[in-house]
Amino acid sequence: MTAFIQPAAVRRSVTVRVSRERAFSVFTEGFDRWWPRSHTISDSPLKKAVIEPRVGGRWFGLSEDGRESEWGDVLVFEPPARLVLAWRIGGQWTYDPNLLTEVEVTFTDLGQGQTRVDLEHRGLERLGAAGEAARVAIAGPEGWGGLLEAFRAAAEG
Amino acid sequence: MTYGRALAALADDTRRQVFEQLARGPRSVSAIAKELPVTRPAVSQHLKVLKEAGLVLDQAEGTRRIYQIDPAGLGPLRAWLDQFWGVALDAFAAEVERTRDEEQGQ
């Protein structure tokens with residue numbers, strides 16, 4: 001069987017009790033304040049996480065050893081409605097400028113001061129050597145495996 | 001098509017914890033059971049579901065069976081990204097709430 005399997009996009013949503021403008025602002029300008037510290041591809045601890053607020057800007061992590069690890073660039077920047085980030089992290093969890101998967105974040109006004117934030121990560125079939133990526137990410141000694149519980153604890157703490 | 005099954009398999013909280021145990025490296029049933037408040041037969045049952053969903057592999061090592069995450073295919077990666085973004089959005093919502101309270105408190 002040679003059928004090409006296209007994986008469904010990953011979709012997550014959250015509703016927050018603030019305006020769209022405020023939600024968009026916290027998501028982008030406030031990115032460093034909420035991005036989980038362990039969500040990094042560097043082996044040095046993450047010091048700062050940045051989304052440059054313009055089309056063509058980069059989103060990246062700055063680690064404590066002073067190095068920047070690039071995750072991709074900003075494809076769409078439309079406050080307060082929509083943000084699309086290129087996620088260019090490939091097979092070995094390294095930055096690959098030729099790889100394109102997209103993370104689209106939309107902010108929908110639900111009225112009464114509430115905003116729904118929908119996130120879609122698509123184009124996952126382009127991750128190519130995904131088996132290897134999954135192995136490194138999930139099972140590797142320095143991979144991201146096991147961090148999920150820490151993230152959850154931090155988020156709920 | 002295993003992605004749907006993979007996600008359904010991970011929808012159970014205990015089963016996800018079993019999967020996360022394996023995310024740290026290959027384990028036997030008893031090693032997994034030691035870390036979780038469930039019995040060995042229950043762990044075996046969860047592993048069976050994870051195996052059928054294509055998320056884990058097992059192999060005999062002496063008298064024990066050792067389980068590990070199946071590195072093939074996008075299933076585990078997709079499941080992992082799903083949790084990755086879930087955690088990130090939870091952290092985002094927590095920050096929105098935190099600064100909202102600060103603003104109201106002023």
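Where does Gln112(A) lie in chain A? Gln112(A) sits in the loop that runs between strand 6 (101-111) and strand 7 (114-122) of chain A. Please keep in mind as you look around that this is a predicted model.

Gln112(A) is worth a look at the backbone level: its phi is near 50°, a positive value in a residue other than glycine. Gln112(A) has 6 other C-beta atoms within 10 Å, and therefore counts as exposed, since the cut-off for that class is 12 or fewer.

Gly56(A) is in the loop between strand 2 (46-51) and strand 3 (58-63) of chain A. Gly56(A) is exposed because 9 C-beta neighbours fall inside 10 Å. Setting aside neighbours within four places in sequence, Gly56(A) makes contact with Asp73(A) and Val74(A). Ala86(A) is 30 residues from Gly56(A) in sequence, and their C-alpha atoms are 9.9 Å apart in space.

The other loop, between strand 4 (68-78) and strand 5 (82-87) of chain A, holds Pro80(A). A cis peptide bond links Pro80(A) to Pro79(A), with omega at about 0°.

| Residue | Loop in chain A |
|---|---|
| Gly56(A) | between strand 2 (46-51) and strand 3 (58-63) |
| Pro80(A) | between strand 4 (68-78) and strand 5 (82-87) |
| Gln112(A) | between strand 6 (101-111) and strand 7 (114-122) |

Finally, let us turn to a helix. Helix 1 of chain A, residues 20-28, is mostly covered, with seven of its nine residues buried. The buried residues of helix 1 in chain A are Arg20(A), Arg22(A), Ala23(A), Phe24(A), Val26(A), Phe27(A) and Thr28(A).

Methods. Residues are numbered from 1 along each chain as its sequence is written. Chains are lettered from A and ligands numbered from 1 in the order in which they are written. This is a predicted model: local features need pLDDT of at least 70, side-chain atom pairs count only at pLDDT 80 or more; totals for chains, interfaces and linings use all residues. A residue is buried if 20 or more other C-beta atoms lie within 10 Å of its own, exposed if 12 or fewer, and partly exposed in between; C-beta atoms are placed from the backbone. Helices (H or I, at least four residues) and strands (E, at least two) are DSSP runs, numbered from the N terminus. Two residues are in contact if their C-beta atoms, placed from the backbone, lie within 7 Å.
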